[in-house]
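Dear colleague,

Please find the structure below for your records. My notes on it follow, arranged by topic.

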Amino acid sequence: MPQRTIAEALNQALFLEMERDPSVMIMGEDVGIDGGVFRITDGLIKKFGEERVVDTPLAEAGIIGSAIGLAMAGMRPVCEMQFDGFVYPAFDQIVNHAARMRNRSRGKYTCPIVIRFPYCGGVRALEHHSESAETYYIHTPGLRVVCPSTPYDAKGLMLAAIRDPDPVIFQEPKKYYRNIKEEVPDEDYTVEIGKARVMIPGEHVTVIGWGAMIPLILKVHPHFAQKGINLEVIDLRTLSPLDTPTILESVQKTGRCVIVQEAPRTLGLAAEISAQIMENAVQFLQAPVQRVTGFDIIPPLLKLEEWNLPDEKRVIAGIESILE
Amino acid sequence: MPLIPEFPKIDDSMIQVLAPDGTVVREDFLPNWDEARLREVYKEMILIRRADKKFTNLQRTGRSGTYPSMEGQEATQMGMIYGIKRDDWIFPAFRELAACYLHGVPLEKIYLYWMGDEWGSNYEANALPVSIPVGSHPLHAVGTGWAFRLQNKPHITVSFFSDGATSEGALYEAINFAPVVQSRTVFCCQNNGWAISTPTNKQTAAATLAQKAVAGGLRNIRVDGNDIFAMYAVAREAAELARQNIPVFIEAMTYRLGNHTTSDDSGKYRSKEEEEDARTRDPILRLQKYLAAQKIWTPEFAKECEEAADAAISKAVEAAENTKQNPDDIFDYHYEKITPPLAQQKEELKKFL
């Protein structure tokens, strides 16, 4: 089986689905000839032409707003927002229209749109290029939010997202576009939206993360394994709807839980997970749920950003704090 | 000699067929409507005016929520709809009772929506639900018009909005996108003079709103929106162009005779004199004068139209008020299939019903 990076897996998913379904189109800034600034759509314009791979005007509200109209008329637009911090001009279209059209029309109009963009810090980028803002979208009824951490899931979730009958926010961990490789089958497969994955089973501590935090969690796993402490690592993969049963099942077994999140702490997804555990599994807990997160600060510029990002030391300390 | 020229003089003339006194000023744009058709148009105009006015009473008596009256804008919307086909899609803002009704939205659904039930936005007609965030929906019309070109379908789209929307960024994006993607779309800008309390001259320093289309390379025209014949002539030509992948921007000059909504009092920000002056250009009065001169309009005919309208309105209001609401509906239409967390919350509510 061929080894692929997340970037290659995403590219292959887009290629396969465009070949299978003529209503799928790619739209965004520089997604055509240039293949997108991260080259995720590389080569697609050559194969499918400029009516299906559209270099749009530089206008995010325009991209998502017109994609809503396209989708309501039966097209399947996959929209690239160039960076996490540039989605906001389209926020009105996403929250006020894409997410609401099905409900507003009681099912007559739907918006099967994928809105994909690179997210997360740690790549020494400019301001507005290192955001983890998933909470906004998770907090919006009518959207699904996914965030893969591996090439296999990136492809399977992308194929599932394009086929999904509702709008999907697709966060791609830009730091790991090209430095993780794994076996990714050539053929068509989907990863179900709404299902977390127990990446490594363990019995002592449940450690939950998603996207760019997963490689970090995997790095600290051996540190504890050496001491005979087995972490159960859960990759959420889908952030909305949350796969609460998988989380609760794990916590009922381990009695301890750490959630690792790059986004600012207050009202991040970690807070919701913690509340779900309190409401539904507190009797199983042997220690308080612990969060390891970014601080409630604006992502600092590149010389200072590492102080904000959760790292091995902070994750280890977070886990150790609930082991006593 | 200065490098930067004076701002060019903008042509602010508008197409007009009927003068406010009902006389024909442009024979060449008169529609070829026979007497029966003219009667029907007048009858529909009366129904729309009365259906709109009914809301004031419904809201005052607690039977409807807040409602934005469209009194005065009948000719603009009617002319636009007469100029397109039933297969075309319309994208209303929120002051488009006439456009929606004429495009096939049952009156009963219009009442149901403003009474506060989303089922009021579910019907067969190719009319999108009301869109309240100002200026955001013309982009959807651009997208659907784009899809029609890609799918080689013979349909077009029309978005309705007003002067306030032309200050919104999303509208400029729509103006810019439409010709780039050759969308089959018509922008129907109803310049009704007021965005709540803000007059058009505080909205923009531009001499016309049509000129805003120029920067996007979009064909545009200014028309007397209180003149149903002029509006119909312009709408037909715009629709024809849109069907050939050439989007068009129409600025229809009209006036919001009523308050912004049932919660607004226009007396706070504009004079009685201005409103009275605007009433002399009332589109219904203009058509009536023309029809009277043709010996088509009589007080008896007007009465007949009003009675027919009131009967239809009563029936629609009654049907809307008899529609029962179901708590499951507030959960069931967020996704094609309800998510597990939502299913749980739906059960949670049931315990309290």
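To begin with one detail of strand pairing: which residue of strand 4 of chain A does A:V24 stand opposite? The answer is A:R76. The surroundings of that pair are described further down, after some remarks on the model as a whole.

Please note that this is a predicted model. Its scores are ipTM 0.97 and pTM 0.97. For chain B, the mean pLDDT is 97, and 100% of the residues reach 70 or more.

Chain B as a whole

Chain B contains 13 helices and seven strands. Along the principal axes, its C-alpha atoms fill a box of roughly 75 × 60 × 45 Å. The radius of gyration of chain B is 21 Å, which agrees with the value near 20 Å that a compact globule of 353 residues would have. Of those 353 residues, 47% count as buried. Among the contacts in chain B with a separation of 6 or more, 76% are between residues 24 or more positions apart.

The domain assignment divides chain B into domain 1 (27-322) and domain 2 (326-353). Taken over C-alpha atoms, the centres of domain 1 of chain B and domain 2 of chain B are separated by 36 Å.

The contact between the chains

Chain B contributes 32 residues to the contact, and chain A contributes 35 residues. On the side of chain B that touches chain A, the elements giving two or more residues are helix 5 (138-150), helix 6 (169-180) and helix 13 (340-350) of chain B. Helix 5 of chain B supplies the largest share of this side, with 10 residues.

The domains of chain A

Chain A is divided into domain 1 (3-183) and domain 2 (197-320). Their C-alpha centres lie 26 Å apart. The contact between them takes 26 residues from domain 1 of chain A and 21 residues from domain 2 of chain A.

Strand 2 of chain A

I return here to the strand that holds A:V24. Is strand 2 of chain A, residues 24-28, largely enclosed or open? Five of its five residues are buried, so strand 2 of chain A is largely enclosed by the rest of the structure. Both of its faces are covered: A:V24, A:I26 and A:G28 are buried on one side, and A:M25 and A:M27 are buried on the other.

Strand 2 of chain A pairs with two neighbours, as follows. It runs parallel to strand 4 (residues 76-80) of chain A, with five bridges joining the two; within this pairing, A:V24 faces A:R76. Strand 2 of chain A also runs parallel to strand 3 (residues 53-55) of chain A, through three bridges. In strand 3 of chain A, A:V53 is the bridge partner of A:I26.

Backbone features to inspect

Most residues other than glycine have a negative phi, and most peptide bonds are trans.

- The peptide bond that joins A:S240 and A:P241 is cis, with omega about 0 degrees. A:P241 is placed in the loop between strand 12 (238-240) and helix 9 (244-254) of chain A.
- A:R106 has a positive phi, near 45 degrees, and is a residue other than glycine. This arginine belongs to the loop between helix 5 (101-104) and strand 5 (114-119) of chain A. A:R106 is partly exposed, with 18 other C-beta atoms within 10 Å.
- B:N245, also a residue other than glycine, has a positive phi near 70 degrees. The loop that holds B:N245 lies between helix 8 (228-243) and strand 7 (248-253) of chain B. With 17 other C-beta atoms within 10 Å, B:N245 is partly exposed.

With kind regards

Methods:
Residues numbered from 1 in each chain as written. Chains lettered and ligands numbered in written order. Predicted model: local features only at pLDDT ≥ 70, side-chain atom pairs only at ≥ 80, totals over all residues. Contact = placed C-beta atoms within 7 Å. Helix = DSSP H or I, 4+ residues; strand = E, 2+ residues; numbered from the N terminus. Domains from an automatic or database assignment. pLDDT = per-residue confidence, 0-100. Rg over C-alpha atoms; globule rule 2.2 N^0.38 Å. Buried ≥ 20, exposed ≤ 12 C-beta atoms within 10 Å, placed from the backbone. Pairing = 2+ DSSP bridges.
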